[in-house]
Structure formats: C-alpha cells, structure tokens
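Please look through the sequence and the model below before reading on.

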Amino acid sequence: MHLLPTSNKLKTIYSLIFIIIAAVVAFFVNDTSNRNILFLAYIDMFIFAFFLYILSKQNFVRNRKEAILYTLSFICIALLGTVIISYIYSIERTIYFSDNAFYWSKSNVFYHDLNKSFFEIIYNVYQSVLHEDYNDLVLLFLTPWIKVFGFGYKGYIFSVFFAFILPALFFFVVLSSNLIRDIKENKEDNVHIGGILLVVTLMIFSFSGVVYSSLIGYLDGVGLIPIMMLYLLLYKKRIQSLSVQEIIIMVILLISLPFLRRWYSYFVVSFFAAVFITELIKNFWDKQYGLKDFIRSVLKLFVIGIGCLLVLFLFFRSFILLSIRDVGKGVYEYNNHPPLDKFIEMVNYFGLITMILVLTGAIIGVVLKRTRYFAIFSILQSCFAYLLITMEQGMSPQHILLVSTGMMVLVFMNYNYVLLIKKRFVKFSVPEMNLIFKLLLTVCLATSTLFIANGYFINLQTTVNDVSLLPKHTEPRVNKDINEIKEITKFLNSVSSASKPVYVISGGCCYDDIFNNLYLPDQKNALNYLVRSSYNDALGFPDLLLRSGFVVVVEPIVSNEMVVRKTAEYFLDGRFDNYSVIKTVNLVGNKKVTIFERMRPFSNSSLQALNEMQKEFFDKYPDKKELYKFSDYRVNISKTYSGLPNVEVRLTPDKIAIHPGETNDAKSVSYIEVDSQKSLKRLSFTASMETVDKDIAKIPEAAEVYLTILGDGKQIKKEYITINNPKVFDVDISQYKKVVIQVDKGKYSNNSDTTQISNIKFK
C-alpha cells in the first residue's frame, strides 16, 4: 500500500498543493518573522512527507489496516513522550548549563532573529555550517515547534521531541515491526500486527540510549532520522539493486548527518565500512551471491561515496577543513579514559539486560539466513562507530546515538528465537509457535514497562560491579541551592569589574555556565565579568586564571581533571598568597563555595607555587610541555598605577591598556612595574594608540604619547607613539630587577583612549 501518491498525475496535484500553500504564506502573511516560521514549518512537513513517500515505495505498509495501526502507534509515541516530559519537567528545578543549555539559548536567539528575508536566513545557516563548530542547521527544523511550545526549557524539550525524536521513533517502529513480521513463515497465522506495534512502541521508549540525551536537553537526536531512513533502505533493498533515485537519497541522507552534528561523521565512516565488509562476507558465505554481484555492490557503494565527496568539495570545502581540524590532536583528551571505562560507560546507558539481549539477538540474527546480512551490518556499524568515537572522545549521552539504532535492531532479532528453535530442535505446529511468540511479546511488554517506569517515574537502579542492570535512570533534577547561587552571583556582580573578572574552578554544583545561565532564557549572562574557565586537561594551563580578580572554588573537589583539581587545591591550601578569602557560602549536602580576591600582583611565593604546579603538569604530560607553559606577562607584573583618577590599568589576555596620565608630572604618569629579579632576559611588545574619537583619529599626530622603559630607575628606551605610528620594542632586561613601562600625558590626551601594549613576550 502507498501512503502517498506514486502516479505522475497525483504527484503533480500534490506538488501544486504544496506550491499553493507556499504562495499563500508568501503573499498573505505580512509579519516577516511569522512568515519565515511558516516557511520553516512548510519545509518540515515536506521533508516528513518525502520520507513517508520513500516508505510507501519500499512497501513497508502492506494494507490500509496496517496504515491505521501505524498511525495509532505514532499517536501512542507522541502521548507517551508528552506524559514523560510533562512529569519530569513539572518536578525539575535546576539551572541548565553546558550542552543542556547551549542550544536552548541558541534556539531562542535564532528565533528572535527571524525578522530578515528568508533567503538571508538560509544563507546565514549555510555560512554557519561552513565555519562554526555548532551550526544553526538543526535550528531550522526546531524553530516552528518553539513557536508552538514556547521558550521555556519544558517547551524546548517538547520541541526537540516532536521535531526529531517522534519522527525517528516512528520510522523505527516501521522498521522493527517489519523485522518481526518477516521472521514468520505463514502470513495467515501471523500474530496480529497491532500487538507487535504495541510492544515495539513501548520497547523503543524503554531503550534509553535513544531518548535519554534528548530528554535532558541535547539536540543530537536529529541525526536519528537520516540514520533510521538509511537502515530502512538497506533492509528493503540490496545495495547492488539500488536505483539512481535511491542512490541520490542515500547521498543526501549521509551528507546531512555531519552537517547536523559533526561527530556524526563517525557514523558515515562506519556505514561505508560496515556495508563493504558485509558484502565481502556475503560473497564468501552465500553461494547465490557471485563475484559479479559483489563488484556491482562495491561500485554502487563507490558511487554513493563519490557523490558525498563531490557535494562536500563543491559546496562545503570549508566544512571539510573544519571537520578534520581536531582529529588526532587530543582536543578531547579529557574523555580519554581507559577503554574498559568507556565500554562500561556505554553499557550503563543501555543496562546489562539490554546488552545481553543485544548479544543474543546478534547470534540469532546471524544464524538465521533470512536476517543474517542485515544483522551482520548492524553489528559491524555499531562496533565501528563505537571504536571510532572512543578513539577521540568518550561515550557521552549524545554519542550513544551512533550505536543505538544498530543495537535496537539486534534486540529485535531476538524474536527470531521461536523460528530458531523450530528450525534447529523440534517441529512446532503453527499454533504452538504463535503461542510461544505471544509469550515472548508479553515478556517484552513487561520488561519494557519496567524499563520505562525505572527511567522516568521510580528508581529501581541495581548495579553489579559498577554495571547497571537497567537502562540509564532519568529522574527530574532538583537543585536546592538556587537561592544561594543567586546570592553568590549578586555578590560577585557587586565587586567584580573588567580589570578584575571572575574565574570559576568548575565544581560539582558550580560551573561558569551555571552562573551565566542563572536567569535563562530572559537573561543570557547573569554574571557580568566572567572569564571562561578551564574544565579539562586538554585545554592546557588555565591562563585566564592568572588575570582573574576573583576565584570561586567549590568543595568537595569532584573533578578528576588535573587542571581543576590542582588549581582548586593550591587555592584552598593558600599557596597563592596574593589572593585572600573574602566570602564563603555553605550549600546543601556539605558543599561549600569559597571566593578569593586578588589583593596584589603575584609575589615570589605565588610564582613559586605556579612553577610547582607547572612542573606537576609537565610530569603528567611530558610530551605536551608547550601546552602547560604559563610564561605570561601577567605573572611578572608586580605593580600597576594609573595617573588618571578612577581609570584602572586594564590587563587582558593579550594586551595591557594604559590610559595616559593626567599630567606629565612623574607622580601622574601611568605605568606598570615588572618584577624581573634578573631571571628574565628580554622584553618585547608592540605599543600602539587607540582613540574613541574617529575625527581625531584622522589627524596624523592624534593621541600621541611618549612611552618609556626604565630599568631599576634608569631609562632604557623611549619612543614617541601616535595612533598612526605604532612601535615595536625589544629590549635587554637581564641586568635589572625592576622594569617599568611608563606612559606620559602627551598631546591630545583628552581625546585619546588608551595606549595598547600587545604581543608581550618575556624571554
């Protein structure tokens, strides 16, 4: 049966209807933002209708009765998802951070920026795909649902579910019910498809590896839709018999995956490898599958691969460079735990019971000829994807999606058990076979209900040697410290400034994102002067710590990352004596937040502590010493002075901003003092002027100052600097203990902003 028209006449009629709808939207909706949202909704409907058309052509739905049952299954998934999300987020009270909040915030910004032309929006999305790690493509499909459900976090989760997870789960219901139905030998004695669909619907929801990441705020579930469609096509069609249209569809599905999320590239690679090896095994195992068939399959696979590469090189060359930039460079080294730990991490998402079903399903699927090669493909794809992702990263909630489809297919292979017993051991009659099959369905129904209840409503988690028996538990997050965190944020806002920003040493309850996202979606950055904190060893030495005016440390220290643990310990042990405790706040669960303030520049003892910390990093990462060097000018600055009242000398990561003093009197000039102690050999930097007055900036002599370098009170070098005449300094300071960089008032100082001293290097 065809759910959508296949005749040319009906196709033309349906196409005209879509065009008319688009024309109505274009000419009769005046508000630009609403018109764009309707266009995006139109695109969403078109894509979903296109996928239904593919299913219809492949004869996944055999009659009208099945079509009605599939529709009911779709409604059941929607209702079950609605109940679960409503329950979780009616209880949950927390501050969302990291990936849980990133796309929530990003989606709201994207929604409120729709008052442009539709083509400009599409072009901006295209540019984001080319150049951004986290692009906006996925937001095109999410935005219409945000219009329906609102901007709150619950509305965001509903939008993710209905936009991505619901269609993906529906497509898997179609795949898995066909898998179960096709294993039986006599169609007239089949167990009713409705019972199969009920069990499938519940089982995929109990399969937390599929829905878990989406229900806690990740958008990565969008990739399940093309993955499910690829599995559906491979199940119904042999690779060697793919038509030109089906090859084009496969190319579109495969290249869409890395565009949606770059790490889906691992799935694309695993897909090609799994298909090739499956065809190779088939060539040796299946006598009816000859060498010509194998060559034809490889050629079709090659054409698909060339098609993908051609599209990428023609239109997305920058995307390719962006995607391969971090491969093999240890950027994700903080996830580089031992292989066994990564495997246990994956097992805990699915639960040991599910993993046993995956194993038995894999064996049964390979033994039986009818499902053998689809089972082999599912095994290989899951294994390759797991190996590829764990070479660079860990098995985070979103990365589970790389293997979840293949593993779900293997779970449903267990229904072949009845057929396997009949074939290998005893001669079952059809009624007996169907009775056993019904018992299997009942057991699966009970197991699925247990998994769903444990996942969302009650906690039945049981572990054996750190391995969970049941799937990952998803319970509402209730943070009882929100008022205290608001108090801390209010205090830090009252004392911090651009020259004394806040650095948060990430802890169990307080990350920099938590302070930033305290009032989302209404306010994006709740803490005004917050520098991005280091949270893993792969990022190297936390340089931003060295320019912070305030440091927040949370006890107990729960992170295993050295860059977090060591910096926290050094502060708590008082090793940095230029920082003093100014406030402590006790939180629920014997947790404590301590706030340190920088009272003076780094002293010799503080520098010694930094050197000791650096040595510990060198000992742990001897091959990455450059990453953990902190040869930074800020640690050498012992004193700053501004000759202009109420204007501080500003230290930023890459430059020092010194406003010219009020007069040229020695007591009024601005300066910074460097503590060399004769351990530094050379000092180099670039000095330039910046002005806030654009008209003055056009004058050749605008904003001029004299910049002088003094060594132990003696002049080493003096240069005349204007806005159009920057100077490079490179001086020998090996014989001096104290080095001063001094800026006088100069001419036109009332119009000048600051002297910018940048590219600073100590040797």
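A salt bridge is a side-chain nitrogen of Lys or Arg within 4 Å of a carboxyl oxygen of Asp or Glu. Side chains of opposite charge can pair when their charged atoms come close. The model is predicted, so local features need pLDDT of at least 70 and side-chain atom pairs count only at pLDDT 80 or more, while totals for chains, interfaces and linings use all residues. Residues are numbered from 1 along each chain as its sequence is written, and side-chain values use heavy atoms, with hydrogens and water left out.

The whole structure holds 15 salt bridges. In one of them K566 pairs with E616, the closest N and O atoms being 2.9 Å apart. This pair links distant parts of the chain, with K566 in helix α23 and E616 in helix α24 (residues 604–620), 50 residues apart; helices (H or I, at least four residues) and strands (E, at least two) are DSSP runs, numbered from the N terminus. R565, K566, E569 and E616 are linked in a network of salt bridges. Another salt bridge joins the side chains of K500 and E597, at 2.8 Å from N to O. Because K500 lies in the loop between α21 and β3 and E597 in strand β6, the pair ties together parts that are 97 residues apart in sequence. Both K500 and E597 are buried, where buried means under 20% relative accessible area, exposed over 50%, and partly exposed in between (1.4 Å probe, protein chains only).

β3 and β4 (residues 550–555) run parallel and are joined by four bridges, and I505 stands opposite V553 in β4.

In the loop between α22 (512–516) and β4 sits S548, which counts as buried because its relative accessibility is 0%. S548 touches P501, Y503, Y579 and R598, leaving aside residues up to four places away in sequence, where contact means heavy atoms within 4.5 Å.

F315 is found in helix α13, and F315 is partly exposed, with a relative accessible area of 48%.

Methods:
Pairing = 2+ DSSP bridges.
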